[in-house]
Amino acid sequence: MRQNLFIFTGILLLALPQFLFAQSRTLAVLTPFLAQPGTQLMVEGFEAAAKSKGWQVDVIDTSGDVAALVSRMEDVALQKVDAMVINVDPSQIRNGLLAAKDAGIPVFGMDSGADPLLTANVTSNGYVMAAETATYVVDQLNGTGNVVMFIFEPYPPVQKRGAIAESIFNNEPDIKIIEKITPSFDRGPLEGARNAMEAVLTANPTKGSIQAIWAAWDDPALGAEQAIRDAGREDEDIVIVGIDATEQARDRIAARGNLKATVAQDFNGIANTVANTVEQYLKSGSVSRSQIYVSAKLVTADDL
Amino acid sequence: MTVSLQLASLLRRYGTFLGFLLIVSFFWSQRPETFMTTRNWLNITQQVSILCVISLTMTLVMVGGDFDLSVGSMASLSGMIAAVLWQQEVSLFGALGAAILVGGFGGVFNGVLVAYAGLSAFVATLGTLTIFSGLALLVSDGKTIFGRAIPEIVGDFSRGGISLTEGIQLPNLTLIAVSVLIFMGIVLQNTVFGRNLHAVGGNREASLLAGVPVARLRLIAFVVNGVGAAIAGLMLVSRLSSANPTQGDGLMLNAIASVFVGMTMSEEGEPNLFGTLTGVLILGVLSNGLTQLRIDTYVQQILTGLIIIAAVLFSRLSLRRR
């Protein structure tokens with residue numbers, strides 16, 4: 001019996017403060033990616049915007065588990081929240097979206113993909129961001145050189161970036177893509193990219209054999225830069241670019257090393273636009289557009 | 001046996017189940033209007049159905065004294081195989097059959113390595129975990145397959161079920177889990193294979209001396225587990241209407257946790273189906289109830305871990321005290 005008492009008391013003790021301080025809830029933010037810096041910025045931005053509007057927000061993170069996210073959407077649908085905000089590829093959570101629809105709860109995408117089951121999705125234009133960094137590389141290389149690409153195909157918004165950058169490089173007759181790498185996530189993409197880059201550097205030992213590294217987001221760009229520094233090849237002027245403008249990437253760009261540019265998604269702008277779109281919907285029952293783009297900006301050392 | 005000893009034995013056997021009932025009562029008292037509803041319970045059974053299938057077949061392997069770390073990546077691989085085949089316009093059942101065959105072959109591979117080549121289950125299935133995971137990425141080219149590539153009926157299946165009353169249905173995924181439970185119950189309790197497997201898990205040397213075909217039984221357990229993982233992978237594809245090369249990976253640890261929690265419900269600390277089912281339900285009810293109570297998701301993880309440790313620890317202590 002002591003075992004059961006222990007379990008019961010444990011739950012009680014840990015649960016009590018939560019519902020003492022928050023009895024009513026209005027919105028739920030659901031994502032499997034809260035550990036990602038970009039998602040964190042958006043969720044924090046959304047919480048701040050929601051607070052200013054007097055909303056209660058529950059943030060639910062399933063640590064990479066998309067099936068669990070569907071389950072949590074079903075739970076939240078039963079709780080009859082006023083709206084759900086998701087940061088995940090909607091094509092993978094169709095059952096959760098249908099549970100919300102059955103419960104009459106609108107779902108808004110915060111940097112998700114477009115989906116007819118979403119009331120609206122607010123995001124940056126992935127094609128434009130990839131084009132910004134890929135053309136920056138082409139310009140820096142004067143249209144000639146070998147490029148290593150770090151891509152990630154399983155997540156459609158990032159896959160898009162790789163596809164557009166690849167077409168831009170392929171359209172330049174004197175630019176050659178020598179490697180396309182999907183970094184391992186076992187110990188985080190930064191470490192995965194560093195290991196992969198070490199192998200690429202070993203396979204291309206001649207100075208000047210690599211001119212640029214294009215990464216679909218900042219972590220592999222940072223990992224590749226570390227590998228280049230560790231190999232003592234930072235003086236080869238290899239141009240590295242990433243996307244997302246995380247704090248770490250901004251620091252490295254400001255240090256004027258090999259990492260030259262990134263694209264700043266306006267995470268706060270996305271979060272605020274989602275909050276405003278939710279507000280508009282809750283007031284009027286409709287939104288003006290279902291796919292809303294928030295501009296992103298190329299960041300180089302001159303901007304920092 | 002005195003009454004108090006009988007009571008102690010009952011508590012030892014059903015303590016974890018009583019703990020589960022207490023957890024349920026707690027959530028019921030806190031969320032009376034939403035937690036103890038037919039809809040929510042059917043929701044929970046659907047949410048745990050995939051974990052349930054994989055945990056039940058894992059129980060079989062663990063009854064034989066082994067375990068299998070590769071079930072999560074096998075679930076990802078088999079789901080991916082089906083999705084890739086559907087993308088190439090192979091028939092619905094052709095792809096389902098191929099995915100289940102892949103699960104079976106994966107099980108044969110594990111079983112041969114462990115039961116015949118003599119590798120430890122830990123090392124062998126750690127290796128195959130990586131192999132299956134790599135194969136899932138290879139066949140999919142690392143991409144998520146979704147949209148029109150997945151036949152509509154596959155996604156619809158997980159949303160369908162047997163209608164009970166207006167708007168309430170017994171989900172198809174729950175029905176699959178119940179079918180697997182019944183099948184495993186028959187296999188483990190009512191067949192010579194099941195009884196012999198218990199003997200193998202209890203004392204491998206003695207079983208060998210008694211003429212039990214130990215290696216063959218262990219191999220079969222791995223094959224059933226591989227097929228179970230494949231079924232779970234297909235259920236996952238149906239639930240998510242998409243296939244991702246890593247989407248089943250998280251199942252392995254939860255399956256092992258469920259079996260371990262369930263082992264506290266046996267006098268000898270053996271894996272057993274009722275215990276595993278209770279373990280699965282505890283995990284499912286905790287996620288559902290804690291979400292309804294608006295407990296921070298990270299606190300949820302800590303709580304779940306603490307409850308698993310507490311259940312196993314107290315059971316171990318009570319066994320020692322006997």
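Biologist: What do the buried residues of α4(A) pack against?

Modeller: In this predicted model, they pack against α3, β3 (83-86) and β4 (107-110) of chain A, together with α6 (152-159) and α10 (214-240) of chain B.

Biologist: What makes a residue of α4(A) buried?

Modeller: The cut-off is 20 or more other C-beta atoms within 10 Å of its own. In α4(A), R94(A), N95(A), G96(A), L97(A), A99(A) and A100(A) are buried, so each of them meets that cut-off.

Biologist: Why are both faces of β3(A) called covered?

Modeller: A83(A) and V85(A) on one side are buried, and so are M84(A) and I86(A) on the other. In a regular strand the side chains alternate between the two faces of the sheet.

Biologist: How do you know that β3(A) pairs with β1 (residues 27-31) of chain A and with β4(A)?

Modeller: Pairing requires at least two bridges. Strand β1 of chain A and β3(A) have four, in the parallel sense, and three join β3(A) to β4(A), also parallel; both pairs therefore qualify. V85(A) stands opposite V29(A), and its bridge partner in β4(A) is F108(A).

Biologist: Why is the crossover from β3(A) through α4(A) to β4(A) called right-handed?

Modeller: The crossover is right-handed, which means that, with the strands pointing away from the viewer, the path over the helix runs clockwise.

Biologist: How many residues of chain A are in contact with chain B, and what makes a contact?

Modeller: A contact needs C-beta atoms within 7 Å. On that basis 42 residues of chain A are in contact with 47 residues of chain B. The largest share of the chain A side, twelve residues, comes from α1(A).

Definitions and conventions: Residues are numbered from 1 along each chain as its sequence is written. Chains are lettered from A and ligands numbered from 1 in the order in which they are written. This is a predicted model: local features need pLDDT of at least 70, side-chain atom pairs count only at pLDDT 80 or more; totals for chains, interfaces and linings use all residues. Two residues are in contact if their C-beta atoms, placed from the backbone, lie within 7 Å. Helices (H or I, at least four residues) and strands (E, at least two) are DSSP runs, numbered from the N terminus. A residue is buried if 20 or more other C-beta atoms lie within 10 Å of its own, exposed if 12 or fewer, and partly exposed in between; C-beta atoms are placed from the backbone.
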